[in-house]
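Try each task before you read the solution.

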Amino acid sequence: MPSNTRLIASLLTSLAILAFGVVYLLERPDRWLSTASVVLVPAEGEDQSSIIQSFGQSGTAGTVVEYLSGSKVWDRAGSPEGELAVRLVPDTRVIDLTLTGSGRTTVRRDLTDVVRAGVAYQAELGDPWRIRVLGAADVATRSGPTSALVAASTVLIALLAAIGVWVVLGRRPGAGARLTAMGDEDARTEADTEALRRQVA
């Protein structure tokens, strides 16, 4: 294929990928997340040694995780915008909470409200365990890859795609086509030889 055609095809491919990357950067919504952590501690007046020893079999941790991520605590917090993830740290009494939302300035405040609502709700249950804030909601950080990383990845993919198109369009006919041509030529040679033998005979 002519070099000019290969060059145009490569450029068009890379430009299409770059255009897609620009559209993605402009259209994707900003997502921010804030994290907090709480720990389960025995309530005052409880036999601490006894309930701590039975913590693993009591199912308390799973129950707390369920209602922290449930509608009652969510409604008490004012039904903030976003998605809440609640996770129990294995082999501990620590629970991590992560709130992801579109507001950089509000996601931290909303997560603080969720934690406060959870602490108040747990205290009302009369459970021998209480929720204590271990780490307050931190400053919101961007969720997902940064714009710089997305832009760099798009440029790299566009460059690799252009090179791939250039190489593919510049290939000569494959070995299979050459072998087929050689086979046809051998067949013709054998036919000519056979015809010559018949004439001599």
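Two strands count as paired if DSSP finds at least two bridges between them. Keep in mind that this is a predicted model.

**Exercise 1.** Work out how strand 2 and strand 3 are arranged.

*Solution.* Start with the ranges: strand 2 covers residues 83-88 and strand 3 covers residues 94-101. Six bridges join them, and they run antiparallel. For a landmark, find V86, which sits opposite L97 in strand 3. Finally, look for a charged pair: R87 makes a salt bridge with D96, with the closest N and O atoms 3.0 Å apart.

**Exercise 2.** Classify the ring pair formed by Y67 and Y121.

*Solution.* The count is one aromatic pair. The ring centres of Y67 and Y121 are 5.1 Å apart and their planes meet at 70 degrees, so call the pair edge-to-face.

**Exercise 3.** Find what E124 pairs with, and say whether E124 is buried or exposed.

*Solution.* E124 forms a salt bridge with R76, the closest N and O atoms being 2.6 Å apart. E124 is in helix 6 and R76 in helix 5, so the bridge ties together parts 48 residues apart in sequence. With 53% relative accessible area, E124 is exposed, while R76, at 43%, is partly exposed.

How values were computed: Residues numbered from 1 in each chain as written. Predicted model: local features only at pLDDT ≥ 70, side-chain atom pairs only at ≥ 80, totals over all residues. Heavy atoms only, no water. Helix = DSSP H or I, 4+ residues; strand = E, 2+ residues; numbered from the N terminus. Phe/Tyr/Trp six-rings, centres within 6.5 Å; stacked < 30°, edge-to-face > 60°. Salt bridge = Lys/Arg side-chain N within 4 Å of Asp/Glu carboxyl O. Buried < 20%, exposed > 50% of the residue type's maximum accessible area, 1.4 Å probe, protein only.
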